[in-house]
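I opened the viewer today and kept a few notes as I went. Here is the structure I was looking at.

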Amino acid sequence: MPPLLLFLLICAPARGAEIKSPDSTIRWTIGAPVYSLLTPKGKTRERRLPPKPSEGNWTRRLLFPEKGAFFGVLDEKREELGLHLEGRRGPATAKLAVSASILYLLSKPGRVLWKKRLRERHFGGAGTADEIPLKITDDGTAAVLLQDSDPYTKSRPVVLVIDPRGRTKLELGYTVWSRIDELSLSRDGRSLAIRGLGRIPEGENWGKAVGVYRIDDDKGWVSAVPEAEPSGRALRVHDEGWVCCVREGPVYVAFDPSGRRERMEPEEMIRRFGEGR
């Protein structure tokens with residue numbers, strides 16, 4: 001499982017189970033129309049969630065970023081389609097699951113910033129889309145990763161960057177990234193960094209890569225990192241465009257705003273970019 005997924009409480013426990021945000025300020029009982037908010041003064045207040053769609057069998061999940069003043073609410077409805085699904089000898093994987101999704105962004109006190117109906121997502125065979133990482137800046141800009149699967153259960157990631165008004169500012173599909181291990185949004189919401197398996201323009205091939213996209217001007221770069229290793233340190237993109245850091249054996253590699261690589265020892269990396277995660 002990619003490191004980015006570990007901080008999210010987005011699994012689907014049984015109805016009636018309780019989940020909480022990473023900072024423990026929000027507690028929610030699965031299926032309940034309300035959640036409990038711990039105020040700065042230490043008091044618990046009950047807040048109401050947006051109503052679920054009335055037609056069809058919709059499931060709901062709350063999506064929490066690492067920290068911040070916002071969280072996501074995802075309503076999803078799936079319907080299996082295919083030939084001979086009711087037949088006794090029909091193949092179990094010969095079907096397609098059509099998913100309708102609605103994503104809300106809420107402030108912790110319960111104000112809805114926006115409501116967005118996502119495109120239908122199609123999953124073939126045993127593919128699922130239970131992993132939806134979320135990054136949110138202080139002003140409410142959100143980056144969300146949707147994991148689709150094709151009939152061969154191959155991951156088909158789609159990344160959306162949505163501004164505080166609910167407008168899609170950037171969409172990246174699986175034609176440029178076939179796997180996404182990490183994503184990072186700068187604090188000002190203007191830069192998105194991705195690490196995974198991507199299409200590298202320089203060699204017109206696919207491989208381990210890091211990419212940065214400037215949300216406002218559609219500029220960016222993708223650079224190969226063939227020796228990249230999992231390091232337990234989350235990828236970060238800074239407001240000025242620097243990206244830190246990718247581990248390559250005993251050293252780390254950072255990238256300047258133009259995509260130029262800079263190798264450094266762990267001590268220098270900490271000195272320049274902090275301990276971080």
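My entries below cover a sheet, some aromatic rings and a disulfide.

**Ground rules.** I'm working with a predicted model, where local features need pLDDT of at least 70, side-chain atom pairs count only at pLDDT 80 or more, and totals for chains, interfaces and linings use all residues. Residues are numbered from 1 along each chain as its sequence is written, and side-chain values use heavy atoms, with hydrogens and water left out.

**The sheet.** I looked up the strands (DSSP runs of E, at least two residues, numbered from the N terminus, as are helices, which are runs of H or I of at least four). Four of them form an open, antiparallel sheet in the order E17-E18-E19-E20. Two strands pair if DSSP finds at least two bridges between them.

I then checked E18 (residues 243–248) against E19 (residues 251–255): they pair in the antiparallel sense over four bridges. Glu248 has Val251 in E19 as its bridge partner.

**Aromatic rings.** My rule: rings of Phe, Tyr and Trp (its six-membered ring) pair if their centres lie within 6.5 Å; planes under 30 degrees apart are stacked, over 60 edge-to-face, the rest tilted. That gave me four aromatic pairs. One of them is Phe64 with Phe71, tilted, at 5.9 Å centre to centre and 40 degrees between the planes. Both count as buried (under 20% relative accessible area; exposed is over 50%, partly exposed in between, with a 1.4 Å probe and protein chains only): Phe64 has 2% and Phe71 has 1%.

Trp221 and Phe255 also make a tilted pair, 5.4 Å centre to centre with 35 degrees between the planes. Trp221 sits in strand E16 (residues 220–224) and Phe255 in E19, so this pair ties together parts 34 residues apart in sequence. Trp221 is buried at 11%, and Phe255 is buried at 0%. I also noted that Tyr35, Phe64 and Phe71 form one aromatic cluster.

**The disulfide.** How many disulfides does the count come to? I used sulfur atoms within 2.5 Å as the cut-off for a cysteine pair, and the count came to one. Cys244 and Cys245 form this disulfide, with their sulfur atoms 1.7 Å apart. The torsion about their S-S bond is about -90 degrees, so I wrote it down as left-handed. Cys244 and Cys245 are buried.
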